[in-house]
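Dear colleague,

I am handing over the structure we spoke about, and below it you will find notes on what turned up in it. Please read them with the coordinates open beside you.

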Amino acid sequence: MPTTLPVPIEFSLPDGWRSAPPDEVGAPGVAFIALHEHPDDGFTANITVDGDFRPDGATLADMAEESVERLRRAAAESVTVTSRRELGSEASPGLAQRLTLSAVGGGVRRDLVQSHVYLAVLDQEDPHRRAVIRLILTSTAAQEDGVLGDFQEFLRTVSLDTGTEA
């Protein structure tokens, strides 16, 4: 069952991407998934969006490491963090990380790359109360150069949906 985000966001998909119902494409637990129109040898690059409230003291780096550990416990044969850096500002913190992993899906071993972006949304009245939105691009290593620019374009369009027209 798809999840809902802790805060509403809005965004636009780049050309060549289409949204899909998460449950129908095997992505339960995400709020949104977009699929690239050109699979690579049976694997479809995808962008997923999920999030949660994080009332604990975990840093974005802690949350990024939690994601790595979840991947290691899942079907991934190997997971390597190739980069991790902080983004944004104190008022609007973020973190990006890039992972390489080998996983078996549908009986086929694949070398995949994931780009994770974590965006923290702080409550203006209580900065210890925060929501974290996680945006992930997953592609084959061969596809990465062709879809990373699309992911960056997508990220530039992400904003809080305040319910007011611009």
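**Core and pockets**

In this predicted model, the largest nonpolar core has 18 residues, among which Trp17, Ile47, Val49, Leu135, Phe151 and Phe154 touch the most other members. At least two residues of this core come from each of strand 3 (32–36), strand 4 (46–53), strand 8 (130–140) and helix 2 (144–157), and strand 8, with four residues, gives the most. Val49, when neighbours within four places in sequence are left aside, is in contact with Leu5, Ile9, Val30, Ala31, Phe32, Ile133, Arg134, Leu135 and Phe154.

Asp150, which lies in helix 2, counts as buried because its relative accessibility is 17%, under the 20% cut-off. Not counting residues up to four places away in sequence, Asp150 touches Pro14, Asp15, Trp17 and His36.

Turning to the pockets, the largest holds about 920 Å³ of space, and of the 31 residues that line it, Gly26, Asn46, Leu71, Gln114 and Thr138 lie nearest its centre. Strand 7 gives the most to this lining, with five residues, and the lining as a whole divides into 17 nonpolar, 10 polar and four charged residues.

The second largest pocket has a volume of about 650 Å³ and is lined by 30 residues, of which Leu87, Gly94, Val117, Leu119 and Leu155 are the closest to its centre. Here too strand 7 gives the most, with seven residues, while the lining comprises 16 nonpolar, 10 polar and four charged residues.

With best wishes

Technical notes
Residues numbered from 1 in each chain as written. Predicted model: local features only at pLDDT ≥ 70, side-chain atom pairs only at ≥ 80, totals over all residues. Heavy atoms only, no water. Core = buried A, V, L, I, M, F, W, Y, C linked by side-chain atoms within 4.5 Å. Buried < 20%, exposed > 50% of the residue type's maximum accessible area, 1.4 Å probe, protein only. Contact = heavy atoms within 4.5 Å. 1 Å grid on protein atoms, 1.4 Å probe; cavity = no way out; pocket = protein on both sides within 12 Å on 5 of 7 lines; lining within 4 Å. Points joined across faces, edges and corners; volume = space filled by probe spheres on them. Nonpolar A, V, L, I, M, F, W, Y, C, P; charged D, E, K, R; others polar.
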